[in-house]
Amino acid sequence: MYIWIHALFLLLICFQINLYSAPHDSNVKPAWLDTIPPGITITPREKFHNKVISVSLSSSEAGTIWYGNGSLKSVKEYKKPFSLTRDGTYKIIYYADDDFGNRSNVDSIVYIIDSKPPSIKFDPLPGSFREPVKLHIHADEKCHYFILQAGGTDSGKKVNDSLLLSSSLEFRIKAVDLAGNVSISKPVHYNIDTASMSFSIDPEGGIYNHPIFITFRYSRNISIWYTFDPFASQRWFTQYTEPVQLPYGLSSIRYFAKTQSGFSSDIYNARYIVDTIAPKLIKNISQGINFDTIQLTTREKAEIRYTSDGTLPVKESQNYEKPLILRRSGVKRIKARAWDIAGNASEIFEWEYKYDHIPPELVIHPECGSFREPFTVKIQTNEPSRVLYSLDNSVPGNNALLYQSDGITVTRDDTTIIRVIAIDSAGNRSNELVKRYYLDSKLPVVKARIDGSLSDGVFNVSLFSDEPSQIYYEIGDKEPSTASSMYHQPLNMVSNQVLKYFAVDKSGNRSRTYVMDELYKPMIEPVPRAGVYNRKISIKFSTNVKGTVYWRILPDTLFRADSEAIRIENEFTHTLEYYLETEGGLRSSLYRQEYRIDWTAPVVEVKTRKGINDSAIVFLRSNERATFYYTIDGSNPLTSSTVNTAGNKYLRNHDRIVLYKKNTTMKLSIYAEDAAGNLSTLSILDIFSPRAIPDIPASATVYNKAISITFNTFDESSIYYTLDGSVPTQSSPLFSKPITLLSSDTIQTLVVDASGFHGNIDTFVYKIDLPPTPLFNITKKEIYSGDTVVFNASESFDKEDPQSALRFRWDFDSDGVFETDTLRVNHVSHQFKDPGFYNVTLEVIDGMMRSSRITNNCVVKERCPDDMVSITLENRKPFCIDKYEWPNKDGEVPLTSVSWVQAKMYCVDAGKRLCTVSEWESACNGGSQLLYPYGNTFEKERCPVEGKSVWKSGQFSRCEKNGTFDMLGNVWEWTENKSGDYPLSIGGSFRYGKVARCNLQSQGTVATQSNETGFRCCK
């Protein structure tokens, strides 16, 4: 006690010292005074716990800590950590007092002790479902959920408490509550079976007249169950595995489909009647004085059909409804048949009775004879009958022509034989009548032929008729008659005479009077006459009167009046046209003659093939028509007396001969002569010795293309060959397929026959000069009228000659006439004055005068305003068309509710016009036959054809064609054309879909206005 008093005394002394030594300020507290409440720390801080916890409290300074559970009334002094052991919610209230009496604020913390795992439930419960399921997961407390594999050990994926299951799934759910307690459900299986149950029965229910099998058609994921028991439950149905035959009579089949998951469809029912028994037709025939009556019935319900013309009854024949009453005349034929509702047909009932046995009689007018004009033959009978006839001398039968009341008109010149029979209603057939008529209404035609020459001054004139006739004639001005001289033989005539003549045929038809005044007219003939020559010729003209000769050699377009001889020198076919004009101004006819200069010898190809009976077949062919002269003894066919011929220089260029082996050697010597008299080189072949014979001859001929050469032998021999002229041996390549040469080369061959005999080595030299390859390009991509364009052919080449040796010429306007001279310049400039589609042709000629041509398209466009597009197509006149529908502005809505007349006025005011239908379609499909601007298959959302109102112009960039937009759809567009009085619009509107096409047209009146119709202009 003393110690405490002493300490207090010292404390008061210190307080007084500090009090008197400090400055006097009422706001300053003593340094030893503590006014700050203590701070309290509590652990743990977590709220949720799944096991017993120990709670600790601590203060920031010395003092006393107080705590309680739930309220301040229960507080007590904290001395050591305390435990919370039971599940529940605890609210710990706590505060502290320090030694100076400072008290902290009252604070609290909540602890939840939860050691019980959550309980999991599912809604709906696991099972099978026909559609996706919304699964709800429930727990007895708030949890986090994780989905786990059914048999796996994975940690799972966090999910919400609601899941959409769209397919079958087996899984477990892990639930973790806020205290960390975990529950894992047993594996659950949700079977989601959304498979469609597509099935049908074949055939469908109905009535059938033949045995049938029931077949079910269904998808793979289902099964079909059926029964014939109308009261059976589903569990007694039979699974369908194979077609089921139905019994006769009435059958009712019930069936349903079941999925693999056990889901069943509704039960369907089909009824069948199988009836194969045909109905029986019962007939009752009653005879009367003037009429017969036929009654037809059946024991079951059936449909009776009948005919009265002898044809078999079918279901489309006349329906029997009441007894048939038949008049007793002629022949009556009734055929009937019954069909029940199953389609079974009865036997055919046939009844026929003939009341008339007398055949009809025929009368024909006119009788047989000859006629000079078409005529009509009339046929009459003594009773109503069917009259049949033929005009081709065939016996008239059921397929003959049926006579009509207007008669038989004969118009064919020649003999016509009419054969006629008549058949009355009872079927009686008359005797056949045969009548012969001859018609000749054709006037004879007479032609004249003049033989002779002007140099002789005498002509032979022959007259020919196209049918046997007598020809009468007069020489001079007198008109011929039947009293004139009759023509028997060619007439001798001289210049300035006129021949008049006519002909009378056997029927008396007289031709018109012909006047042959060719000898009176100016006459001209060339000397020598047209033909084939193997030399240069000079042509002069002989005339019958004085005058001027005009001539030209095609393709020249101008006639010349030269009096000098015409020289023809080039090897070619020359077409000469000429006429004579007299001093008095008379002009002869225009004549045309062809002169062919040919001094090139024919080239002969010889092929051999082994024939039968130790023979050889020699095939001969020339590059032109020729006669082949040959011997087989090796003698020269030019002089030999054993010469033979083949082919024909006027008719053909090939032939074949068959040679039979007479001895070990047989030499074939052969040459050819063409129509001009040119002789080929003489070829000598040892036919039966082993040697190779090419199908393409090796000679001085220069080939202008790549060649493939095939070698032949007389018998089965082996051909060894080399190229480049080296000597072949049996180690050289063996010929097995054609040898292709692209350039000049030498082939040597060695032939070894089956017995091992070696033939002589043959050498074949081939010269090849291929034509040049023409190529050119245009330096300008877009060409407009008036532009000057450079055509560059510098890429043209020739395999044998350098480009500097090539010559070029050009045709720019597609007329086949070259506008440039043949020059060694590989580029040229040309100005296109008019727009259009041009085929520009380049011809390139090499040093051997071989030429090739190439033609490229060149489009020259019309110069159009900026808001229009130039359309230039082949075989079409170029034109300009608006890019957009009027007012022809990108991004603006087209003008609609405008009439055809107003549209024309708008275009005229703008210096334009309405487009024609042809122009509009060409701009829409590019001049092709396309249905849409982009092709023939409709593409959705590509053009403005699937809307509810008009779009702004140019919104559909993929609907552009040649720079034009919205040709298809958006609005109908007026055109210049009319159908009768109705102007045409074209293209469809915004609501026409795939029906809107480039060729879709509609009609309206000149005043029609529509909010779906506009226009665009052309120029």
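Predicted model: local features only at pLDDT ≥ 70, side-chain atom pairs only at ≥ 80, totals over all residues.

Let's begin inside. Nonpolar side chains tend to be buried together in soluble globular proteins. Here the largest nonpolar core has 23 residues. If you want to find it on your screen, go to Ile 871, Ile 881, Cys 924, Cys 943, Met 967 and Leu 968, which have the most contacts inside this core. Which elements supply at least two residues each? They are strand 77 (868–871), strand 78 (879–882), helix 3 (917–925) and strand 81 (982–986). Helix 3 gives the largest share, with 4 residues.

Setting aside neighbours within four places in sequence, Cys 943 is in contact with Tyr 934, Phe 956, Cys 959 and Leu 968. There is also a second, separate core, made of 18 residues, and Phe 199, Ile 214, Ile 222 and Ile 224 are among them.

While we are on buried residues, have a look at Val 55. You'll find Val 55 in strand 3, which covers residues 53–59. Is Val 55 buried or exposed? It is buried, because its relative accessibility is 0%. Leaving out residues up to four places away in sequence, Val 55 touches Ile 42, Thr 43, Pro 44, Tyr 78, Pro 81, Phe 82, Leu 84 and Tyr 111. And although Val 55 and Ser 83 are 28 residues apart along the chain, their C-alpha atoms are separated by 6.0 Å.

Now to helix 2, residues 900–909. Its buried residues are Trp 900, Ala 903 and Cys 907. Looking down the helix axis, these buried residues fall within an arc of 60 degrees, so they line one face of helix 2. What do the buried residues of helix 2 pack against? The partners are strand 79 (913–914), strand 80 (972–979), strand 81 and strand 84 (1017–1018). On the other side of the helix, Val 908 and Asp 909 are exposed. After helix 2 comes Gly 911, with a positive phi near 75 degrees.

That brings me to the backbone. Most residues other than glycine have a negative phi, and most peptide bonds are trans. Asn 496 is not a glycine, yet has a positive phi of about 70 degrees. This asparagine, Asn 496, sits in the loop between strand 45 (491–494) and strand 46 (499–505), and is partly exposed at a relative accessible area of 45%. Asn 962 also has a positive phi, about 55 degrees, without being a glycine. Asn 962 belongs to the loop between helix 3 and strand 80.

As for cis peptide bonds, one runs from Asp 123 to Pro 124, with omega near 5 degrees. Pro 124 is in the loop between strand 9 (120–123) and strand 10 (127–129). Another cis bond joins Trp 886 and Pro 887, with omega about 20 degrees, and Pro 887 is in the loop between strand 78 and helix 2.

On to charges. How many salt bridges are there? The count comes to 37. One of them pairs Arg 596 with Glu 624, the closest N and O atoms being 3.4 Å apart. Arg 596 is in strand 54 (residues 591–597) and Glu 624 in the loop between strand 56 (615–622) and strand 57 (626–631), so the pair ties together parts that are 28 residues apart in sequence. In this pair, Arg 596 is partly exposed at 34% relative accessibility, whereas Glu 624 is buried at 13% relative accessible area.

Glu 1012 and Arg 991 form a salt bridge too, with their closest N and O atoms 2.6 Å apart. Arg 552, Glu 577 and Arg 592 are linked in a salt-bridge network.

Last stop, the surface. Ile 207, Leu 250, Ile 273 and Ile 341 form a nonpolar patch there, with about 360 Å² of accessible area together. Of these, Ile 273 lies in strand 25 (residues 268–274) and is partly exposed, at 32% relative accessibility.

That's my tour; happy to take questions.

Technical notes. Residues numbered from 1 in each chain as written. Heavy atoms only, no water. Patch = residues over 30% accessible without salt bridge, like charges linked within 9 Å, V, L, I, M, F, W, Y side chains within 5 Å. Areas by Shrake-Rupley, 256 points an atom, 1.4 Å probe, with all protein chains shown as cover. Salt bridge = Lys/Arg side-chain N within 4 Å of Asp/Glu carboxyl O. Buried < 20%, exposed > 50% of the residue type's maximum accessible area, 1.4 Å probe, protein only. Core = buried A, V, L, I, M, F, W, Y, C linked by side-chain atoms within 4.5 Å. Contact = heavy atoms within 4.5 Å. Arc of directions from axis to C-beta.
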